[in-house]
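Visitor: I would like to learn how to read pockets and surface patches in a model. Where do we start?

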Amino acid sequence: MKSIVMTAAGGPDVLQLVDGPDPIPGAGEVLVQVHAAGVNFMDIGVRQGKAWTHLPEPKTLGVEGAGRVVALGKDVESVKVGDRVAWVYAPGSYAERVVMPETSLVQVPDAIDDRTAAAIMMQGLTASHFATDFYPVQPGDFALVHAAAGGLGLLLTQIVKLRGGHVIGRVSSAEKVEIAKSAGADHVIVDTEGKFAEEAIRLSGGEGVHVVYDGSGPTTFQGSLDSLRRSGTFCWFGPVLGGPGPIDIMSLPRSIKLGYAVFFDHIHTPDLFRSHSARLFEWIEQGRLKVNIGGIYPLPEARRAHEDMEGRRTTGKLLLLP
């Protein structure tokens with residue numbers, strides 16, 4: 001079985017393709033043939049040594065994907081051999097086969113292909129959490145979405161629009177403007193230096209936005225604060241690019257609410273995971289949510305996928321195909 005492992009913390013060059021035996025499912029576990037695996041900034045954080053530090057090297061990257069069940073461990077009841085499934089957090093998903101608890105799996109409807117299913121899991125559930133739980137967007141609300149042409153930004157924009165909100169997207173280059181608009185962004189700001197607040201306030205009618213979704217790192221933190229209206233909500237995410245440093249809570253302006261959104265809080269039980277995944281699949285089947293797959297790479301080219309993502313050369317979701 002081929003898989004992509006990191007041999008040490010570092011740059012993309014620490015990723016290697018290795019060959020080894022198939023994993024064996026234990027009690028309550030399932031062995032899945034991976035048809036597509038998602039690439040996330042989280043994977044880059046692991047590779048850089050910012051997460052999973054308790055696990056020894058070499059370790060296999062990846063946490064999400066879609067495929068087909070090929071073997072069952074003892075006492076598995078929710079799936080059977082041959083079922084099409086997707087998963088959102090199964091470490092070791094950059095591989096031809098991966099073992100995971102049955103509670104990590106959801107059934108994939110026949111109308112949704114494997115690549116779409118793999119592409120929607122982590123970013124779709126994250127976007128859903130941001131716009132329906134962390135800050136439940138209301139009709140007429142203005143939302144500022146950073147990295148609006150990325151995989152998460154495109155999904156988040158669509159979900160905000162589904163809930164009746166207005167989206168001001170921020171992108172890093174003019175080439176990404178039309179991509180963000182194609183997802184429904186009402187306005188798009190091109191910015192690389194964190195100087196967007198004045199324009200966001202103007203576009204939101206002079207009062208500032210109701211919510212900011214910011215995973216762009218410390219460069220944008222102050223601008224996001226400045227973009228909010230009174231009692232606005234700041235949704236911070238994405239630890240890979242670093243945080244803003246210590247914050248004096250008494251310095252926060254305009255009675256804003258600031259929080260760090262973790263999507264596991266949205267799906268903290270298997271039932272919630274299944275129901276929220278089913279809602280995403282339903283939106284896709286209805287044509288209300290479109291998944292933009294921005295790059296497809298053979299599994300051996302995982303290093304190139306990481307380089308492209310880190311270099312901000314991509315839009316939409318990146319996938320690896322074993």
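**Pockets and a patch**

Guide: The largest pocket holds about 1200 Å³ of space, in what is a predicted model. Its lining has 46 residues, and those closest to the pocket centre are Phe-41, Leu-152, Gly-215, Phe-237 and Gly-238.

Visitor: How does one find such space at all?

Guide: Rolling a probe the size of a water molecule over the atoms shows where empty space is left.

Visitor: Which helices and strands each supply at least two residues of the lining of the largest pocket?

Guide: Helices α1 (41–47), α2 (114–134) and α3 (151–162) do, and so does strand β10 (166–171). By residue type, the lining of the largest pocket divides into 24 nonpolar, 17 polar and five charged.

Visitor: What is the volume of the second largest pocket?

Guide: About 180 Å³. Of its 15 lining residues, Thr-60, Pro-91, Gly-92, Val-98 and Val-99 are the closest to the centre.

Visitor: Which strand gives the most to the lining of the second largest pocket?

Guide: Strand β7 does, with three residues. Both β4 (59–60) and β7 (97–101) supply at least two. The lining of this second pocket comprises 10 nonpolar, three polar and two charged residues.

Visitor: Now the surface. Which residues make a nonpolar patch?

Guide: Tyr-260, Val-262 and Phe-264 make one of about 250 Å². Val-262 sits in the loop between β14 (257–260) and α7 (270–285).

Visitor: Is Val-262 buried, partly exposed or exposed?

Guide: Val-262 has a relative accessible area of 30%, so this residue is partly exposed; buried would need under 20% and exposed over 50%.

Conventions:
Residues numbered from 1 in each chain as written. Predicted model: local features only at pLDDT ≥ 70, side-chain atom pairs only at ≥ 80, totals over all residues. Heavy atoms only, no water. 1 Å grid on protein atoms, 1.4 Å probe; cavity = no way out; pocket = protein on both sides within 12 Å on 5 of 7 lines; lining within 4 Å. Points joined across faces, edges and corners; volume = space filled by probe spheres on them. Helix = DSSP H or I, 4+ residues; strand = E, 2+ residues; numbered from the N terminus. Nonpolar A, V, L, I, M, F, W, Y, C, P; charged D, E, K, R; others polar. Patch = residues over 30% accessible without salt bridge, like charges linked within 9 Å, V, L, I, M, F, W, Y side chains within 5 Å. Areas by Shrake-Rupley, 256 points an atom, 1.4 Å probe, with all protein chains shown as cover. Salt bridge = Lys/Arg side-chain N within 4 Å of Asp/Glu carboxyl O. Buried < 20%, exposed > 50% of the residue type's maximum accessible area, 1.4 Å probe, protein only.
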